[in-house]
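Me: I would like to go through this model step by step. Please show the sequence and structure before we start.

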Amino acid sequence: MRVVSLVPSLTETVAVTAPGVLVGATDWCTHPADLDVVRVGGTKNPDVPAITALRPDLVLANEEENRAPDLDALRAAGLDVLVTEIRTLDQALRELERVLAACGAPRRPRWLDEAGAAWDALPLAGTYTAVVPIWRRPWMVLGRDTFAGDLLARLGVRNLYADHPERYPRLPLDELRAAAPDLVVLPDEPYRFTRDDGPEAFPGTAAALVDGRLLTWYGPSLAEAPRALARALRAARR
């Protein structure tokens with residue numbers, strides 16, 4: 001089996017579970033750190049000829065991460081493309097199992113069971129409101145129907161824009177401040193928010209700086225994500 005992955009989360013998933021299957025991945029596929037495969041461009045601009053030259057049996061993609069025209073071009077080149085759709089944790093766990101089966105993984109990995117158990121074991125916690133920026137200049141936040149939003153809801157975070165018509169609305173900073181959240185959640189990807197870049201835009205509001213991989217990636221990191229994210233959220237509220 002030869003697999004090319006165009007999704008960082010799925011790259012890590014396959015590399016950890018079925019070593020040797022991956023032959024190509026995007027420049028954004030940073031995990032595992034020692035991954036040694038051919039790089040085939042970005043998630044939004046994959047190098048179709050380079051992918052085709054690798055003669056993969058399967059190309060892994062995601063309906064949000066990858067553009068339809070690129071996937072159509074891969075199919076037109078005669079390649080089999082598996083496209084995932086992941087908007088919730090439950091959907092992620094199902095899709096990960098489907099991906100691994102398609103990649104020839106011999107059995108369900110332990111980390112997948114551990115991930116489900118870790119999220120099921122979350123203690124009941126108080127609910128507090130938040131805005132969750134993912135970009136600035138312009139400001140963009142989590143809106144409706146997102147995987148990261150589902151994870152945060154399970155951690156007791158009520159996203160004030162969860163009912164917005166758009167999934168990633170662009171909103172003026174004044175509007176975000178006026179929403180008066182209890183907390184602003186600032187991940188370090190896709191925009192790299194830091195202690196010096198992000199919290200100052202929300203004076204007087206507690207800021208939780210969180211690992212973007214733990215918040216937005218679906219894969220082995222799901223097993224550690226609930227505990228680590230919960231710690232970061234608690235620390236910000238103290």
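Reply: Two strands pair if DSSP finds at least two bridges between them. Keep in mind that this is a predicted model.

Me: In β11, which residue is the bridge partner of Val185?

Reply: Strand β10 covers residues 183-187 and is joined to β11 by five bridges. The two strands run parallel. Within β11, Val185 has as its bridge partner Ala208.

Me: Which are the edge strands, where each pairs on one side only?

Reply: The sheet is open and has four strands with parallel pairing, in the order β9-β6-β10-β11. From one strand to the next, the twist averages 40°. Pairing on one side only marks the edge strands, β9 (157-159) and β11 (206-210).

Me: Helix α9 packs on the sheet; what angle does its direction make with that of β11?

Reply: Helix α9 spans residues 225-237. It touches β6 (128-131), β9, β10 and β11. With the direction of β11, the direction of α9 makes about 155°.

Me: How many residues of the contact of α4 with α6 are charged?

Reply: From α4, Leu89, Asp90 and Ala92 meet Phe147, Asp150, Leu151 and Arg154 of α6. Four of the contact residues are nonpolar and none is polar. The charged residues number three.

Terms used. Residues are numbered from 1 along each chain as its sequence is written. This is a predicted model: local features need pLDDT of at least 70, side-chain atom pairs count only at pLDDT 80 or more; totals for chains, interfaces and linings use all residues. Side-chain values use heavy atoms; hydrogens and water are left out. Axes are lines fitted to C-alpha atoms, for helices over the stretch in contact, and angles run from 0 to 180 degrees between N-to-C directions. Contact means heavy atoms within 4.5 Å. Ala, Val, Leu, Ile, Met, Phe, Trp, Tyr, Cys and Pro count as nonpolar, Asp, Glu, Lys and Arg as charged, and the others, Gly among them, as polar.
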